[in-house]
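Open your viewer and get ready to select residues. This short tour takes the stops one by one.

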Amino acid sequence: MTLRLGYGTNGLTDLRLDDALGLLADLGYDGVGLTLDHMHLDPLAPDLAECTRQVARRLTGLGLGVTVETGARYVLDPRRKHGPSLLDPDPDARAARTALLVRAVEVASGLGAHAVHCFSGITPPGTTTDTAWQRLTEALAPVLDASDRAGIPLAIEPEPGHLLATLADFHHLRTLLGDPAPLGLTLDIGHCQCLEPASPVDCVKEAAPWLRHVQIEDMRRGVHEHLPFGDGEIDFPPVLEALAATGYAGLTVVELPRHSHAGPELARSSIDFLRRATGTTDGAAPC
């Protein structure tokens, strides 16, 4: 079994998308976690369909797979980070986020992506937990319908501080929605170290049946800070071995969104680290 390594464009925002994709291909990555944002395939651009076709051709030419990620900070609102969310008190604001995710599914279909990533958002002040879960399930329904039509899974990510923060919360959402086939999981290995009661290895094993996307970086217990490999506490060889053993066939994407200033160097050092961690140093895909 092999792991297919990718790098997130949210860690390469100082590069043009075309240059970022060329860099990753040259370094030997198998794919890219493409965050739709104003500088990288703007999901609100009037010529989105043509831009999507151009990016699809570039990905094909470089032999790169892709996951579409939707964690852009200010793509909908230039004044509110990640706003509006699927939990926003304003129904129209929630609908704007839902519409963005539906558009992301359409882009993913045009790119031949293997999944679309999303997250719940932070529970707004004054909102009860029951109300927040109701908003989330209602807001996701059109996205799951679009995912089902496109045949592309929606991979929701447990995010520290969000309504859906843990693997247990993911299973709660599955239950509320009736376990729909398009709903899958984005597992962030660093978040496992940061927040989950189980070890990252055990999280991988537990999450295996629902894995549709994986993000990876180093992290410390109790501190939600994405770190370059070696700067945190995670023992990576057993985690990667466990991940390979699941048979997961999607991308494992390096997630360093606050390190774009050093993106090209970190892209190089990250793939070197992951190859060493898997005992693969000859440029082949790690086993």
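This is a predicted model: local features need pLDDT of at least 70, side-chain atom pairs count only at pLDDT 80 or more; totals for chains, interfaces and linings use all residues.

Residues are numbered from 1 along each chain as its sequence is written, and side-chain values use heavy atoms, leaving out hydrogens and water.

**First stop**

Select residues 17-27, helix α1, and residues 263-277, helix α9. Helices are DSSP runs of H or I, at least four residues, numbered from the N terminus. The axes of α1 and α9 lie 10 Å apart, at an angle of about 30 degrees. Axes are lines fitted to C-alpha atoms over the stretch in contact, and angles run from 0 to 180 degrees between N-to-C directions. α1 and α9 are therefore roughly parallel (angles under 35 degrees). The crossing is right-handed (the near helix is turned clockwise from the far one by less than a right angle).

Now show side chains. L23, L24 and L27 of α1 contact P264, A267, R268, I271 and R275 of α9 (heavy atoms within 4.5 Å). This contact has 6 nonpolar, no polar and 2 charged residues. Nonpolar covers Ala, Val, Leu, Ile, Met, Phe, Trp, Tyr, Cys and Pro; charged covers Asp, Glu, Lys and Arg; polar covers the others, Gly among them.

**Second stop**

Select helix α3, residues 91-111, and helix α4, residues 129-150. Their axes come within 9 Å and cross at roughly 20 degrees. That makes α3 roughly parallel to α4. α3 and α4 cross in a right-handed way.

Which residues of α3 meet α4? Pick R94, T98, L101, V102, V105 and S109. Across from them in α4 are R135, A139, P142, V143, A146, S147 and A150. The contact of α3 with α4 divides into 8 nonpolar, 3 polar and 2 charged residues.

Terms used
Helices (H or I, at least four residues) and strands (E, at least two) are DSSP runs, numbered from the N terminus. Angles under 35 degrees count as roughly parallel, over 145 as roughly antiparallel, 65 to 115 as roughly perpendicular and the rest as oblique.
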